[in-house]
Amino acid sequence: MVVLTQQPSLSPAAEKRQEGFGNANAPGALFDGSKPLHLSEKAADKGDADPLIFEPSKEVLTLSQKGGITSVVMAVIVTLFASLVIVLPLVLILAFIYVSWTRIPIAAYVAFCFIDPAIDNGFGRPLQQARALWVWKYINAYYPARMVLEKRLDPSLSYIFGVSPHGILCFSGQVVRGSLESGLDEALDGITFHTAALHHVLKVPLFREYLLSIGTISSSRKSIRNCLARGNGHSVGIVIGGAKESLHTNRGNRKLILKNRKGFVREAILAGAPLVPIFVFGENDIFQQLDHPLLRHLQSWLQRKMKFAIPFFYGNFLVVPRRVPLTVVFGRPIFVEKSSSPSFDDINKIHAEYLSELTRLYNRFKPIYDPDGDDLIIV
C-alpha cells in the first residue's frame, strides 16, 4: 500500500513500483502486522500533511511471507551479510597464510587499500550490478523496509541526511542503500544517496569493496565536500551519533548522541545544502547488547582511544539478526543559507532547529511505528 495525499511526478520505474499499492487491500499492506496507515486525522491535529509512503515490491513481500526452507535460507543469508566485516578480511588472511602464491598480490592489494583515491572522492565506486545481486532479494524479504517521506524532495538539490539511530552495524543503512529492491531509489527519485562510513572502515580489505560498490563514501570532510560539490542530487547520509551511540543500542532504547555533534551542520552551511532528519524505526531492535559495568567501561575506553566502538551483541540463536519491521522516515528539509565562514551562533541556531525537527518527527510517527519504544532522549 502507498498512501499519497498528492500525486508527484515520478519516474517510470517509480510508477511501476507503486502499481497495485494504492489501496489498503493491496498485497503487503499489512506486511508487519500493522493497520493500514492513514495518518490524516493525526496529521490534521498537528497541522502536518499526510506523508508519502513507499512499500516494498510485490515480489519482496511475497517472498517475505514464505516459511519453511525459504525462511531458513533468508536467515542464513542475512546472518552472513551481518558478518561481512569479519568474514571477508578473514578469507584474505587465510589465503595469505595457506596459499603461498597469493602473498605478494595480497600484500600489494592491502597497500592499495590505504591509498585508494576512491575513499575520499565523494562518490565511492558504485556498481549497479552489485546492488542487483540475487542475494538482496532475500535480504529485503527478511527486512521488507518501508520508506516514509513527509515531503517530496527536490532532485536538483544536494542534501545532508542526518540518520538516527546508529544501531549496532548501521544495518538498515546497508539494507536500504545496498539494494535496488528497497524502494529508496523510488522514494528519493532523482537523488543519489551516499552513505558516509568511518574513514578507516573503507580501508578494511574486501569489505571496503562491498561498501564502495554500493556508493559508500568516507565521513571525512574532504569526502563529504566532494560529494556535495557534485550537485545534481548527489547527497550524503551521515549517521551522526557515530560509534559512541552504538553503545546505547538495545531493544526499546531510543538514546541519541547528538547534543554536541555539530560538524554536519557546519558542512551543510558551507555547501548551502538542506538538512533532512531521518529516523529509522526498528534499527535498535535488531540486536541485543550485552550490558555490564566492566564491559561498558572497556568499550568506552576503546572508543576514546580507537575512535570506534566494539559492541558485544547477540540476536536469535546468538548470531541471527532479529527480524523486525524497518521503517525509514524522512523529515522535512531544513534550508540553510550558504556561507563560507559560518559563525558559532549560525551553527548553534541550525543545530537547535535540527534537534527540534528530529524530535517532532519521532513523536509524530512513534505511535504508529514504535508504540512500545522509549521516549526519545538526546544527550
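Tutor: Before we start, a residue counts as buried when its relative accessible area is under 20%, and please keep in mind that the model we are looking at is predicted.

Student: Okay, so is Thr195 buried or exposed?

Tutor: Thr195 has a relative accessible area of 18%, and because the cut-off for buried is under 20%, Thr195 counts as buried.

Student: Where does Thr195 sit, and what is Thr195 in contact with?

Tutor: Thr195 lies in strand E4, which covers residues 192-197, and once its neighbours within four places in sequence are set aside, its contacts are Arg177, Gly215, Thr216, Ile217 and Gly237.

Student: Switching topic, how many disulfides does the structure hold?

Tutor: A disulfide is a covalent bond between the sulfur atoms of two cysteines, and this structure holds 0 disulfides.

Student: What about Cys113 and Cys170, buried or partly exposed?

Tutor: Cys113 is buried, with a relative accessibility of 0%, whereas Cys170, at 21%, counts as partly exposed.

Student: Now the helices: at what angle do H14 and H16 pack?

Tutor: Helix H14 (residues 263-271) and helix H16 (residues 344-369) pack at an angle of about 110°, and their axes are 9 Å apart. That angle makes H14 roughly perpendicular to H16, and H14 passes H16 in a right-handed crossing.

Student: Which residues make that contact?

Tutor: From H14 the contact uses Phe264, Val265, Arg266 and Ile269, while H16 brings Asp346, Ile347, Ile350, His351 and Tyr354.

Student: And how many of them are nonpolar, polar or charged?

Tutor: Sorted by class, the contact of H14 with H16 has 6 nonpolar residues, 1 polar residue and 2 charged residues.

Key: Residues numbered from 1 in each chain as written. Predicted model: local features only at pLDDT ≥ 70, side-chain atom pairs only at ≥ 80, totals over all residues. Heavy atoms only, no water. Helix = DSSP H or I, 4+ residues; strand = E, 2+ residues; numbered from the N terminus. Buried < 20%, exposed > 50% of the residue type's maximum accessible area, 1.4 Å probe, protein only. Contact = heavy atoms within 4.5 Å. Disulfide = S-S within 2.5 Å. Axes fitted to C-alpha atoms, helices over the stretch in contact; angles between N-to-C directions. Parallel < 35°, antiparallel > 145°, perpendicular 65-115°, else oblique. Left-handed = near helix turned anticlockwise from the far one by under 90°. Nonpolar A, V, L, I, M, F, W, Y, C, P; charged D, E, K, R; others polar.
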